[in-house]
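Please keep the model open while reading.

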Amino acid sequence: LYAWRVGNLGLPLLPPIVLDPGHEETGVGFCLLRIPPLGLKEGIVHQSQDTTEDGQSRVTIQYQVLNPSYLTWPVQNHLGTMVFTGSDNKGETACELEWTVQWTPLWLPIPFWSQVLDWITRLVITTAATYMATLDIAIVEEYHNQLRRKQKQQ
């Protein structure tokens, strides 16, 4: 959640505006306005935690574009799923990320329109995944610890 709330997923855009912080621990309900002033609204709609068969922890986050249109993100039924699975890499804390996105493009009379949207989606995912892979885990953990302390005080 740190990368979403604080780091803009590493995207070279204007900082997003948080419209709703959502649940501090799960992020569900989190909503932001990305790419101001065009107004792409993106929100976390589901989060779950479980354990894989081999004992690794797994967190699944689903998000949606909440206001798709020709002016924001020209698709319908946009649903992204990020699955973070813990892995033990020679004693170091690490995780694997599986990121899938489903959407249907809004119709435009432009050749290869769907391929253009696919290319943009892949660019955003690659940029964001690279950013998340380079985060300093100590900074992220401290951020989440601060959120937990704040939640306990309320």
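The sections below go from the whole chain to single residues.

## Basis of the model

The model is a predicted one, in which local features need pLDDT of at least 70 and side-chain atom pairs count only at pLDDT 80 or more, whereas totals for chains, interfaces and linings use all residues. Residues are numbered from 1 along each chain as its sequence is written, and side-chain values use heavy atoms, with hydrogens and water left out.

## Overall fold

The chain contains 3 helices and 6 strands, and their order along the sequence is α-β-β-β-β-β-β-α-α. Helices (H or I, at least four residues) and strands (E, at least two) are DSSP runs, numbered from the N terminus.

Of the 154 residues in the chain, 34% are buried, where buried means under 20% relative accessible area, exposed means over 50%, and partly exposed lies in between (1.4 Å probe, protein chains only). The accessible surface comes to about 9,700 Å², with 56% belonging to carbon and sulfur atoms; such areas come from the Shrake-Rupley method with a 1.4 Å probe, and for residues only the protein chains shown count as cover. Among contacts (heavy atoms within 4.5 Å) between residues at least 6 apart in sequence, 42% join residues at least 24 apart.

## The second largest pocket

The second largest pocket has a volume of about 380 Å³ and is lined by 22 residues, of which Leu-11, Arg-34, Leu-40, Glu-42 and Val-124 lie nearest its centre. Two or more lining residues come from each of β3 (40–51), β4 (57–65), β6 (92–105) and α2 (113–133), and α2 gives the most, with 6 residues. The lining divides into 16 nonpolar, 4 polar and 2 charged residues.

On a 1 Å grid over the protein atoms alone, a pocket is an open set of points where a 1.4 Å probe fits, with protein on both sides within 12 Å along at least five of seven lines, and lining residues have an atom within 4 Å of a point. Grid points are joined across faces, edges and corners, and the volume is the space filled by probe spheres set on the points. Ala, Val, Leu, Ile, Met, Phe, Trp, Tyr, Cys and Pro count as nonpolar, Asp, Glu, Lys and Arg as charged, and the others, Gly among them, as polar.

## Aromatic pairs

Rings of Phe, Tyr and Trp (its six-membered ring) pair if their centres lie within 6.5 Å, and planes under 30 degrees apart count as stacked, over 60 as edge-to-face and the rest as tilted. The count by this rule is 2 aromatic pairs. Tyr-63 and Trp-99 form an edge-to-face pair, 6.4 Å centre to centre with 85 degrees between the planes; Tyr-63 lies in strand β4 and Trp-99 in strand β6, so this pair ties together parts that are 36 residues apart in sequence. Tyr-63 is buried at 4% relative accessibility, and Trp-99 is buried at 14%.

Trp-73 and Trp-103 are also edge-to-face, at 6.5 Å centre to centre and 80 degrees between the planes. Because Trp-73 lies in the loop between β4 and β5 and Trp-103 in strand β6, the pair ties together parts that are 30 residues apart in sequence. Trp-73 counts as buried at 13% relative accessibility, as does Trp-103 at 17%.

## Individual residues

Most residues other than glycine have a negative phi. Asn-77, in strand β5 (residues 75–89), has a positive phi near 60 degrees and is exposed at 61% relative accessibility. Phe-112, in the loop between β6 and α2, has a positive phi of about 65 degrees and is exposed, with a relative accessible area of 62%.

Thr-52, in the loop between β3 and β4, is buried, with a relative accessible area of 14%. Not counting residues up to four places away in sequence, Thr-52 touches Arg-58 and Thr-85.
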